[in-house]
Amino acid sequence: MEKCSRLEEMIRREELEYDVVTEAASIEISDHIRVCPDCGKFVSDLKKTSDSVRSLLKVSVSDSFDSALRSRLNSVRNKQKKERSVATPLYSKIFYYVSGVAAIFIAFFYISSLGLFDNNKTGTMPSLNSEMSLASENPVSNDKSAIDSLENMSKSVQDDENLRLRVSTGE
Amino acid sequence: MDMMNLKKLTDEELMLRFQNGDENSYSELVERYKNKLMNHIFYYMKDRESAEDIVQDTFVRVYLNKEKYKEIAKVSTWIYTIAINLAKTALSRSGKMNSFSITGKDGENDYEIKDNHSSTDRDVLKNELSDIIMSSIDSLEEKFREIVMLRDIDEMSYEEIAALLQIPTGTVKSRLNRARLNLRDAIADYIK
């Protein structure tokens, strides 16, 4: 009697999308497998093959694996730390530079807004300048006080001269 | 949260905690994946030292790129993708990409056998069988080799494999059957 290879042929053609070892009951020809000794043996052989592969091949890491990995991770952490510390001053420099430029601009605009650099603008500085500008706003009163002052000075000089003459004449 | 409680969390929950600064969660992820990755990457690199280097590189990258992980993908898929890419890059740099072999450097068997309480005769037989299985896996087409390794060696779910290889789950299963069929032919005398 010819050997049945129905299941084997399906597998060779990669038609069977079930794992024959673990899902034999699910496949379309499960009824056939139950009654066909050849296909039943075929499934059993595949299971033994799978078991042989599972039981024979095992490779584990060495005892020094954990310590070696720890030391590699430590050097990675140190490298990261070093990179961060090198990178920080550069960022700081950029930050300080930008801040400095911004501060200069702000100061310039603030001072400009006070009119310090504007000769035509008056009356905004609450200091000596304001007195100067107030004085320049009222030239008439300024001239008058200057004339008074000059008159006072000449009067004082005249008084001194009269006194000197009286002394020299012996009055 | 102590390490005992961390063990109850899913990979994705651990990753979220790690993203928020909890380094214990990272340690737990390392613990979960270090041997699985080593087991997988060993078959790419063919020697322990290179494989262990790749696994360590993988975890360093996970550490450095934690912010890049998005919850839409499984953590296992993300970690395996990093590891496999690193392994493939290392192999292509060393010019070994096309001579993939899992039988170890110079034919040496650089792997462990789970069953270590057997008699000497059985050990010999097991070593012989493991040699044959490994060279059989080695001779599989890459699309079959990758799947049998991910499923039977790394014990990943079909869905995880599908996500990792970006193929449908049905294709994962059909290729897995085909890979086992080829392997069965190679070890038929040993599994009767």
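**Group meeting: a contact between chains A and B**

Hi everyone. The contact I'd like to start with draws 32 residues from chain A and 40 residues from chain B. Please keep in mind that this is a predicted model.

Let's take the chain A side. Three helices, α1 (6–12), α4 (37–56) and α5 (65–113), each provide at least two of the residues of chain A that touch chain B. Which of the helices gives the most to that side? That would be α4(A), with ten residues. And what does this side of chain A look like by class? There are 15 nonpolar residues, along with eleven charged and six polar ones.

Now, chain A itself. With seven helices and zero strands, its pattern along the sequence reads α-α-α-α-α-α-α. Of the 171 residues in chain A, 12% are buried. If you look at contacts in chain A between residues at least 6 apart in sequence, 37% of them join residues at least 24 apart.

Over to chain B, and one helix I'd like you to find on the screen: α8, residues 158–165. Which of its residues are buried? They are B:Y158, B:I161, B:A163 and B:L164. A quick reminder for reading that list: residues three or four places apart on an α-helix point the same way, because there are 3.6 residues a turn. Covering the buried residues of α8(B) are, among others, α5 (75–94), α7 (142–153) and α9 (169–187) of chain B. Then look just past the end of α8(B), where B:Q166 has a positive phi of about 55°.

Notes:
Residues numbered from 1 in each chain as written. Chains lettered and ligands numbered in written order. Predicted model: local features only at pLDDT ≥ 70, side-chain atom pairs only at ≥ 80, totals over all residues. Buried ≥ 20, exposed ≤ 12 C-beta atoms within 10 Å, placed from the backbone. Helix = DSSP H or I, 4+ residues; strand = E, 2+ residues; numbered from the N terminus. Contact = placed C-beta atoms within 7 Å. Nonpolar A, V, L, I, M, F, W, Y, C, P; charged D, E, K, R; others polar.
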